[in-house]
Amino acid sequence: MQRIIQINIAGRVLPIEEDAFFNLKEYINSLKRQFTGEDGSEIIEDIENRIAELFSIRLQSGSLAIDRADVAKVIETLGSANDLKEEGSATFKKDYTQSRTYSFGNEKSRQWQAGRGTQTTRLYRDPYDKVIGGVCSGIAHYFDIDPVIIRLVMVVLFLTAGVGFVAYIIAWIVIPAARTREELQSMHSGETVTFHDISKNVEEELLDLKHRGEQMSRELKDFFSKKR
Amino acid sequence: MAVDNTESQMRKGLLEMCIMGIIQHKREAYPSDILEQLKAEKLVVLEGTLYPLLTRLKNAGFLSYRWEESITGPPRKYYTLTPEGEEFYKRLLITWEELSMAVNKLTILSPNNI
């Protein structure tokens, strides 16, 4: 049994089976991470247009709704984000390195677009060096400075303005804790992590976020009970 | 693998020229049209490679487009060459002409072969 939902793609309303929809969404999100920057949204728009066109043809030939096989075929025809990266990297490197990429859009993540073999540092909370949630030490690793400095700044923010506290809580939720060895390595800078390895789909992210929310409330409880 | 890479590099460089050629021949073309021709000649395998190229050529001022409604699907972008595009395409053709002559001379008609 499959639920059929309606999607609006490139201005066309099309019926699609639910699991096919998730696959499609994941695919489009992976393309969005691939084509960032000024040209990015336009490229995505064009590709969505093409997908809508291919789906229209499919539906006209008598299919009731787009299913997973149709989505798989579209991905095969257009090429996965990874395939397009390899085909396009030499020509587009220059254009796209200047743009924001997947993670916390900043200087270091730009290097990803330049291809494999470049080094990236990722922002994680450090579970092994923490006072509260590991946010400060994570930020410190990211900029390669002493966590004490970040902590001092944070304490000043806590005391002088209320925003410090709110900002900390938000950072705690948003920044993932480094759990695997690879995450720890890339937190401490230097290890090569390819775009594909890092890319996660939205569902995963949401699940992860929920998970982190739960974990954070646990950690908060721990923290306050410890204080007492 | 190294051969694949070199081949794809060679193709990629010529792809822009071919896209502009197709558009010039048809005076106006929409991406799926262009794709059909490129795929027929096996210049493009993955359709997704075309769209970044079109956007780039457009942003460089060599192409412009207009929207046209379609009965069968979503509205289509019809691309045309701008005057700068025509100029650019002509220059590319000359370069290609010279290059292919030089390459033929050095590979096919090299002294060893004669």
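Biologist: Which residues of α4(B) are buried in this model?

Modeller: The model is a predicted one. In α4(B), the buried residues are G85(B), F88(B), Y89(B) and S100(B). Buried here stands for under 20% relative accessible area. The elements covering these residues include α1 and α3 of chain B.

Biologist: How do you know that the end-to-end span of α4(B) agrees with its 25 residues?

Modeller: At 1.5 Å a residue, α4(B) should span 36 Å, and its end C-alpha atoms are 36 Å apart, so the two values agree.

Biologist: Why is the pair of F62(B) and F88(B) called stacked?

Modeller: Over all chains, the structure holds eight aromatic pairs. For F62(B) and F88(B), the ring centres are 4.0 Å apart and the planes are at 5 degrees, so this pair is stacked. The limits are 6.5 Å for the centres and 30 degrees for the planes. The pair links distant parts of the chain: F62(B) is in the loop between α3 (50-59) and β1 (63-68) of chain B, while F88(B) is in helix α4 (residues 83-107), 26 residues apart. Both F62(B) and F88(B) are buried.

Biologist: Which residues form one aromatic cluster in chain A?

Modeller: That cluster is made up of F158(A), Y168(A) and W172(A).

Biologist: What makes K77(B) count as lying over the face of Y65(B)?

Modeller: K77(B) is at 4.6 Å from the ring centre of Y65(B). The cut-off is 6 Å, together with an angle within 35 degrees of the ring normal. K77(B) therefore counts as lying over the face of Y65(B).

Biologist: What does the same check of span give for helix α1 (residues 2-26) of chain B?

Modeller: Its 25 residues should span 36 Å at 1.5 Å a residue, and the end C-alpha atoms are 36 Å apart, which agrees.

Biologist: Where does α1(B) bend?

Modeller: The bend is at L15(B), by about 35 degrees. L15(B) is also one of the buried residues of α1(B), among them K12(B), E16(B) and I19(B). Just after the helix, R27(B) takes a positive phi of about 65 degrees.

Biologist: How do you know that β1 (residues 4-9) and β2 (residues 12-17) of chain A are paired?

Modeller: Pairing needs at least two bridges. Six bridges join β1(A) to β2(A), and the strands run antiparallel. With six bridges found, the strands therefore count as paired. One bridge partner is P15(A) in β2(A), for Q6(A). The hairpin has two residues between the strands, and A10(A) takes a positive phi near 50 degrees there.

Terms used. Residues numbered from 1 in each chain as written. Chains lettered and ligands numbered in written order. Predicted model: local features only at pLDDT ≥ 70, side-chain atom pairs only at ≥ 80, totals over all residues. Heavy atoms only, no water. Phe/Tyr/Trp six-rings, centres within 6.5 Å; stacked < 30°, edge-to-face > 60°. Helix = DSSP H or I, 4+ residues; strand = E, 2+ residues; numbered from the N terminus. Buried < 20%, exposed > 50% of the residue type's maximum accessible area, 1.4 Å probe, protein only. Expected span 1.5 Å × (residues − 1). Bend = angle between axes of the 7 residues up to and from the residue. Contact = heavy atoms within 4.5 Å.
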